[in-house]
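Subject: Structure for you to look at

Hello,

Here is the structure I promised to pass on, with the sequence alongside. My notes on what turned up follow below.

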Amino acid sequence: MALNLRQKQTECIARMLNLNQPVNATGTANEEVYKILIYDRFCQNILSPLIHVKDLRKHGVTLYFLIDKDRKPVHDVPAVYFVQANQQNIQRIIADASASLYDSFHLNFSSSIPRALLEDLASGTLNSDSIQRISKVHDQYLEFVTLEENLFSLAQKNCYVQLNDPKAGDREIEEIIERIVSGLFCVLATLGVVPVIRCPRGGPAEMVASALDQKLRDHLLSKNNLFSEGGNFVTSFQRPMLCIFDRNFELSVGIQHDFRYRPLVHDVLGLKLNRLSVQGEKGGMKSYELDSTDPFWVANGWLEFPEVAVEIETQLNKYKKDVDEVNKRTGGDAGAEFDGTDLIGNTKHLMNAVNSLPELTERKQVIDKHTNIATVLLGEIKERSLDSYAKKENDMMVRGGIDRSELMGVLKGKGSKMDKLRFAIMYLISSETINQPEVESVEAALRESEVDTSAFQYVKKIKSLNVSLASANSASRNNIVDWAEKLYGQSISAVTAGVKNLLSSDRQLALTRTVEALVEGKPNPEIDSYLVFDPRAPKSSSGSSHLKGPFKEAIVFMIGGGNYMEYGSLQELAKRQQPVKHVIYGTTEILTGVEFVEQLASLGQKMGLGNPGSPSTH
């Protein structure tokens, strides 16, 4: 049973568009029943990577609107609402019903609607005498964005800052944890599985894991629960494992430059919801979609950029050869662009040529798209020396440092302010100890380039705590930990994770190494202290050995922001395993290096560090 999150979520949405009736064999709703779709911004982002606007017609949707726009009444047509359960949306639904905008309202909330809001909805529609228009109210448990079969995001912004903010109170932290748990519960409900949960001790990962365990236990007690899989004693090999981590587990991955195609497109060109806009060849912006329907993206997304350029060239030459072949057979000119007009000659060849025309045209569009994207990327790479940043950061992580002259050369060389800041932070993370004079000269170089150093100062503070923690004896160590936790919220887990997670000889990411050990389930000192939660087992037995694997399927969740680099590393791990494993990667939000460093800077500023008076770091 492969866990295909994208397919499962798309099926749930098709059913919702079919007024929550089972869909027909083609997987589409009944298109003879015309309907109107109303959504909010968040639910628009859920729909966007899964269903194209042109496909809505197949589901009988003739009109679609954002909930906060002014709309005119449309009679004799049911309205399907797909919105988050919040006060603002409830008030808008009550207003729409009392204004008789539509004959019947099918309300679908992206997660479970709290009782208080349901009561507000009931009393509001009763008071305006419009309750008869509300046909159905459904909790859909779809509050997450699936970007690929094995990639999802809860689209919860700024979690890293909120969880590590020294001024955050217990109640605020609990609310964020609750939101994350609710999002993960939606993912598990959509997949229909109750996993075995593993996580490191302490920090947000343990808080989320234990709250999710409790939520699943409470839910499994109800008769009509969402998880229909068989009896209590399903072996671990048939159940997936959910591994929960916190961004502080491996800070460097959120910051460093990567030279592979997918991470580059995301980091440099700002891929969002599988779409991006780049400068077209003839001027003007061109918008592209990059998802599983693009064969080139699927096949070459994890190659280093120079290999991608070679692959584009190869595909173009193959395309030209195939066009020449068709032209030859049909009596056309060799080398002519294939436009379907010059088709004279024998009928059989003509038929073959006509049949191959759509496929050739499609191939040409894909080649043109990636040529355009690669050209824009190449411009950025040359201008900012991104290849050099990626290589030097990787070397730093492997060697545990960098030559001083090389370090200063990079900081005074090419690259945007943000590139230099990211490089400086990578230098800090990779060094085992803090060399004070060297760090001061790095700060001076950053200030010279007018870079806001708040993020650098924040990481330096955490790093210096790590050093004092390592050298302190046990009595004073406890004092440091207490003091640090008061001052830095959760960040102390970044400190105690220490250098071990940052330096491995083959530069396999610490996250990937840990997930591999957890999936295999063999005794391993790195993970022996990890907690185990099994929502299906009685609380007392939750440490039992059958829960430790091996597992065929894993869901890896990163609190505080994930990225394509981590996603790629986990997919490589899944393919490398014998037999091949299945790994889904999810995160609170997908961040570029720039966006993550901005969150670090925000924490630095909250603690009064750095020089926030400097111009923007972009």
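Y81 has its bridge partner in β4, namely L107. That bridge belongs to the pairing of strand β3 (residues 78-83) with β4, which is parallel and runs over six bridges. Before going further, please keep in mind that this is a predicted model.

Strand β4 covers residues 104-109, and six of its six residues are buried. In a regular strand the side chains alternate between the two faces of the sheet. You can see this in β4: S104, H106 and N108 point one way, F105, L107 and F109 point the other way, and all are buried.

D76, in the loop between β2 (61-66) and β3, has a positive phi of about 60 degrees although it is not a glycine. Most residues other than glycine have a negative phi, and most peptide bonds are trans. With a relative accessibility of 69%, D76 counts as exposed, because the cut-off for that class is over 50%.

N158 also has a positive phi of about 60 degrees without being a glycine. N158 belongs to the loop between β7 (151-153) and α6 (159-164). Its relative accessible area is 38%, so N158 is partly exposed.

Now to the open space. The largest pocket has a volume of about 790 Å³. It is lined by 30 residues, and those closest to its centre are L154, A155, Q156, K157 and E589. Which elements supply at least two residues each to this lining? They are α2 (41-47), β6 (145-148), α7 (170-191) and α22 (593-606). Helix α7 gives the most, with six residues. By class, the lining of the largest pocket divides into ten nonpolar, ten polar and ten charged residues.

Rolling a probe the size of a water molecule over the atoms shows where empty space is left. The count comes to three cavities of 30 Å³ or more. The second largest cavity has a volume of about 120 Å³. Of the 14 residues lining it, Q256, P263, D267, N563 and G593 are the closest to its centre. Helices α9 (261-269) and α21 (564-576) each supply at least two residues of this lining, and α9 gives the most, with three. The lining of the second largest cavity has five nonpolar, six polar and three charged residues.

Helix α9 deserves a look of its own. Is it enclosed by the rest of the structure or open to the outside? Nine of its nine residues are buried, so α9 is largely enclosed. The buried residues are Y261, R262, P263, L264, V265, H266, D267, V268 and L269. Just after α9, G270 takes a positive phi of about 70 degrees.

On to the aromatic side chains: the structure holds 16 aromatic pairs. In one of them, the rings of Y261 and W297 have centres 5.6 Å apart and planes at 65 degrees; the pair is edge-to-face because that class takes planes over 60 degrees apart. Y261 lies in helix α9 and W297 in helix α10 (residues 295-300), so the pair ties together parts that are 36 residues apart in sequence. Both Y261 and W297 are buried.

Another of the pairs joins Y389 and F423, whose ring centres are 5.8 Å apart with planes at 80 degrees, so this pair is edge-to-face too. Here Y389 comes from helix α13 (residues 386-399) and F423 from helix α15 (residues 417-430), a link between distant parts of the chain, 34 residues apart. Y389 and F423 are likewise buried.

Two further items on rings. W302, Y564, Y567 and Y585 form one aromatic cluster. The charged end of K215 sits over the ring of F185, 5.2 Å from the ring centre.

Best wishes

Key:
Residues are numbered from 1 along each chain as its sequence is written. Side-chain values use heavy atoms; hydrogens and water are left out. On a 1 Å grid over the protein atoms alone, a cavity is a set of points where a 1.4 Å probe fits but cannot get out, and a pocket is an open set with protein on both sides within 12 Å along at least five of seven lines; lining residues have an atom within 4 Å of a point. Grid points are joined across faces, edges and corners, and a volume is the space filled by probe spheres set on the points. Helices (H or I, at least four residues) and strands (E, at least two) are DSSP runs, numbered from the N terminus. Ala, Val, Leu, Ile, Met, Phe, Trp, Tyr, Cys and Pro count as nonpolar, Asp, Glu, Lys and Arg as charged, and the others, Gly among them, as polar. Rings of Phe, Tyr and Trp (its six-membered ring) pair if their centres lie within 6.5 Å; planes under 30 degrees apart count as stacked, over 60 as edge-to-face and the rest as tilted. Buried means under 20% relative accessible area, exposed over 50%, partly exposed in between (1.4 Å probe, protein chains only). A charge sits over a ring if NZ of Lys or CZ of Arg is within 6 Å of the ring centre and within 35 degrees of the ring normal. Two strands pair if DSSP finds at least two bridges between them.
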